[in-house]
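User: I would like to learn how individual features of a structure are read. Please take them one at a time.

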Amino acid sequence: MPLTGNEETVRCGHLIGEELANAGPGSSIHIQVNGERQTAPSGSTVAGLLAQLDIRSDRVAVELNLQILDRQNFDRQGLQEGDMVEIISFIGGG
Amino acid sequence: MDDRLVIAGREFKSRLWVGTGKYKDFIETKKAIDASGADVVTVAVRRVNITDRSKDNLLDYLDPKKYTILPNTAGCYSVEDALRYARLARAAGVSDLVKLEVIGDERTLFPDTAGLIEAAKILVKEGFIVLPYTNDDPIVAKKLVDIGCPAVMPLAAPIGSGLGIRNPYNLKIILETVKVPIIVDAGVGTASDATLAMEYGADAVLMNTAIAGAKDPIMMAEAMKYAIEAGRLAYRAGRIPRKLYATASSPIEGML
């Protein structure tokens with residue numbers, strides 16, 4: 001398979017692929033993100049979820065089960081089955 | 001002479017504040033804001049679109065280092081919602097300013113002033129710099145200042161209505177009696193509306209639809225830039241009084 005992007009990107013892609021390949025029933029959790037059902041690998045963190053959704057963590061606010069998170073804790077805050085996550089940013093407005 | 005606008009210890013060069021809503025796309029938004037010369041721009045606080053993963057973010061076009069980003073609590077009809085949105089806006093890590101809107105009615109989008117005062121009180125205590133979008137009631141304006149708002153933003157007319165200043169008498173009373181910067185916000189339709197607000201003594205004008213909804217938004221943004229400057233200079237220059245009868249401009253002496 002031809003290499004695309006830089007080596008680091010390819011390595012990350014390979015790791016996620018491996019994780020998904022190893023995922024079976026019970027190793028993913030069902031959560032709600034912005035009102036929609038999502039699955040995430042069991043043991044995900046908020047930072048991991050943002051990466052999974054390809055969302056830059058700067059300039060977003062995250063609310064977990066109605067609590068606004070300190071952005072410094074994105075990589076430490078774990079997610080559990082049934083969690084409700086809101087990922088908020090700025091758009092055009094008056 | 002330096003005539004900078006100062007609010008809560010922050011200095012702004014431009015007295016034209018501009019909203020970022022209702023434009024065709026981010027490119028038009030940026031062009032219009034640049035044409036306007038504004039350095040304060042309002043933004044709305046909303047869910048990130050998870051499904052549409054286009055990489056464009058408004059702040060990629062409006063660098064928070066170059067512009068002062070002023071998040072609003074647009075769409076909030078309750079104190080609880082306004083607090084939630086303001087806190088989320090601050091948690092995004094860009095600003096602790098908030099344009100506080102607690103809306104009372106869907107058709108007029110007039111503020112629910114009781115809710116506004118309640119929310120403002122709480123947010124001021126939490127350390128927000130609260131700029132409340134209010135109506136033209138001088139009593140409410142004074143209350144907002146008393147609870148710690150460093151500026152007040154009375155509406156000229158309903159948002160997007162383009163009617164200009166509906167109640168100049170109340171606005172003048174606010175300008176005379178309320179001792180913080182007054183930013184006329186909402187209802188401006190065209191350049192003369194903005195100039196008038198500045199001639200009365202407003203410290204700044206915030207507008208969105210007047211520019212974004214114009215046939216040529218970039219051109220209108222430029223018009224508004226001059227309108228604000230002209231109005232401010234006229235105010236500082238001190239206008240002549242209004243008289244019922246004429247006073248000739250050319251002397252009688254030397255007439256044939």
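User: How is the accessibility of B:Gly160 to be read: is this residue buried, partly exposed or exposed?

Analyst: The model is a predicted one. A residue counts as buried under 20% relative accessible area and as exposed over 50%, with partly exposed in between. B:Gly160 has a relative accessible area of 40%, so it is partly exposed. Its place is the loop that links strand 8 and helix 6 (168-177) of chain B.

User: Which residues does B:Gly160 touch, not counting those up to four places away in sequence?

Analyst: With that exclusion, the residues touched by B:Gly160 are B:Lys22, B:Gly187 and B:Thr209. Separation in sequence and distance in space are read side by side: B:Gly160 and B:Asn208 are 48 residues apart in sequence, while their C-alpha atoms are 7.7 Å apart.

User: What is the phi of B:Lys22, and where is this residue found?

Analyst: B:Lys22 is not a glycine, yet its phi is positive, at about 75°. The residue belongs to the loop between strand 3 and helix 1 of chain B. Its relative accessibility is 57%, and B:Lys22 therefore counts as exposed.

User: Which residue of chain A has a positive phi without being a glycine?

Analyst: A:Asn65 is such a residue, with phi near 50°. A:Asn65 sits in the loop between strand 3 (61-64) and strand 4 (67-68) of chain A. With a relative accessible area of 36%, A:Asn65 is partly exposed.

User: What is the strand order of the open sheet of three strands in chain B?

Analyst: The order is 6-7-8, and the pairing is parallel. Strand 6 (97-100) and strand 8 (153-154) of chain B are the edge strands, each pairing on one side only. Two bridges join strand 7 (residues 129-134) and strand 8 of chain B in the parallel sense. B:Thr134 has B:Pro154 of strand 8 as its bridge partner. Helix 4 (residues 113-125) of chain B packs on this sheet and touches strand 6 and strand 7, its direction making about 175° with that of strand 7 of chain B.

User: Where is B:Asn135 found, and what does its side chain reach?

Analyst: B:Asn135 lies in the loop between strand 7 and helix 5 (138-146) of chain B. Its side chain reaches the backbone nitrogen of B:Asp137 at 3.0 Å. Neighbours within four places in sequence aside, the contacts of B:Asn135 include B:Pro111, B:Pro154 and B:Ile174.

Terms used: Residues numbered from 1 in each chain as written. Chains lettered and ligands numbered in written order. Predicted model: local features only at pLDDT ≥ 70, side-chain atom pairs only at ≥ 80, totals over all residues. Heavy atoms only, no water. Pairing = 2+ DSSP bridges. Helix = DSSP H or I, 4+ residues; strand = E, 2+ residues; numbered from the N terminus. Contact = heavy atoms within 4.5 Å. Axes fitted to C-alpha atoms, helices over the stretch in contact; angles between N-to-C directions. Buried < 20%, exposed > 50% of the residue type's maximum accessible area, 1.4 Å probe, protein only. Polar contact = N/O pair within 3.5 Å; in protein donor to acceptor, adjacent residues only side chain to side chain.
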